[in-house]
Amino acid sequence: MSLAAEAFVSQIAAAEPWPEKATLYQPLKEDQILLSDSASSLAVQTFLRMCGLPVQVSCCANAEYMSPSGKVPFIHVGNQVVSELGPIVQFIKAKGHSLSDGLDDVQRAEMKAYMELVNNMLLTAELYIQWCDDYTATEISRPRYSSPYSWPLNHILAYQKQWEVRRKMNAIGWSGKNLEQVYEDVSQCCQALSQRLGTQPYFFNKQPTELDALVFGHLFTILTTQLTNDELAEKVKSYTNLLSFCHRIEQTYFKEDKGSRSV
């Protein structure tokens, strides 16, 4: 199919109404999913709830390999498959749903800058802790990541994933960092987010945007995920307005969810 034909098909799909059986795919929640993927999945779920778009969450052992980008989560809407928050936001916008239409150009640019900050700092820190800290990788990441598979495939896939992440860390200059430096990066990111939020209910006053969904996804997951120590969560807990922010979004958009762990 040509690029023009693909664009036409995408436009037609985007114009279709949101279906009742839209599905979000992520790794197995109890035994497999890791902090970074859980945070990314929660960010997308939060964004969709903020848009008022229902989605069914399907946990699959091979979700990462089903994804068109090799990353989770991804959504299946009609005959369209879209992965990761950024492309999903654009796909939803094409369907007439946007959380940031009320922002002016300066605010929209600022929102995108803070989203880049979260992805470059929090997401990268999560990946570093999972795969570059040997103790966490041994005790949590490799066992969970490979849990659906039998030997020797489980070991092959886990070490392959660890190698891929460590190669990425080397490419972006994070391979020489130690845990304390990573925790300090997280603290600085949280400080910037805390200052931007201030006393507002959301980052751009009274209405949430995709930035709020992204920040909640990462902060709430950090606060509620058990790691080998509590240092990462403690960095977030230092900022009371970020804790209130997480609690506000949880109560507003996930209040009916049973078994939710409050912050």
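Contact here means that heavy atoms lie within 4.5 Å of each other, while helices (H or I, at least four residues) and strands (E, at least two) are DSSP runs numbered from the N terminus. The structure is a predicted model, in which local features need pLDDT of at least 70 and side-chain atom pairs count only at pLDDT 80 or more, whereas totals for chains, interfaces and linings use all residues. Residues are numbered from 1 along each chain as its sequence is written, and side-chain values use heavy atoms, with hydrogens and water left out.

The protein is divided into domain 1 (3-95) and domain 2 (105-254), with bounds that come from an automatic or database domain assignment. Taken over C-alpha atoms, the centres of domain 1 and domain 2 are separated by 20 Å. At the interface, 25 residues of domain 1 are in contact with 33 residues of domain 2. Buried area is the accessible area (1.4 Å probe) that two parts lose on being put together, summed over both, and for domain 1 and domain 2 this comes to about 2,300 Å², with 66% of it on carbon and sulfur atoms. L34, L35 and M50 supply 29% of the area that domain 1 buries against domain 2, which is more than any other three residues.

A salt bridge is counted when a side-chain nitrogen of Lys or Arg is within 4 Å of a carboxyl oxygen of Asp or Glu. By this rule there are six salt bridges, and one salt bridge is found across the interface of domain 1 and domain 2. E64 forms a salt bridge with K161, where the closest N and O atoms are 3.2 Å apart. Because K161 lies in helix 7 and E64 in helix 3, the pair ties together parts that are 97 residues apart in sequence.

## Helices that pack together

Axes are lines fitted to C-alpha atoms, for helices over the stretch in contact, and angles run from 0 to 180 degrees between N-to-C directions. Angles under 35 degrees count as roughly parallel, over 145 as roughly antiparallel, 65 to 115 as roughly perpendicular and the rest as oblique.

Helix 2 (residues 35-50) and helix 5 (residues 105-131) have axes 8 Å apart and pack at an angle of about 150°, and they are therefore roughly antiparallel to each other. In this contact, L35, S36, A39 and S40 of helix 2 meet L123, E126, L127 and Q130 of helix 5. Ala, Val, Leu, Ile, Met, Phe, Trp, Tyr, Cys and Pro count as nonpolar, Asp, Glu, Lys and Arg as charged, and the others, Gly among them, as polar; the contact of helix 2 with helix 5 thus holds four nonpolar, three polar and one charged residue.

The axes of helix 9 (residues 210-224) and helix 11 (residues 240-253) come within 10 Å and cross at roughly 105°, so these two helices are roughly perpendicular to each other. Among the residues making the contact are F216 and F220 of helix 9 and F245 and I249 of helix 11. By class, the contact of helix 9 with helix 11 has ten nonpolar, no polar and two charged residues.

## Backbone exceptions

Most residues other than glycine have a negative phi, and most peptide bonds are trans.

E84, a residue other than glycine, has a positive phi near 75°, and E84 lies in the loop between strand 4 (80-83) and helix 4 (85-94).
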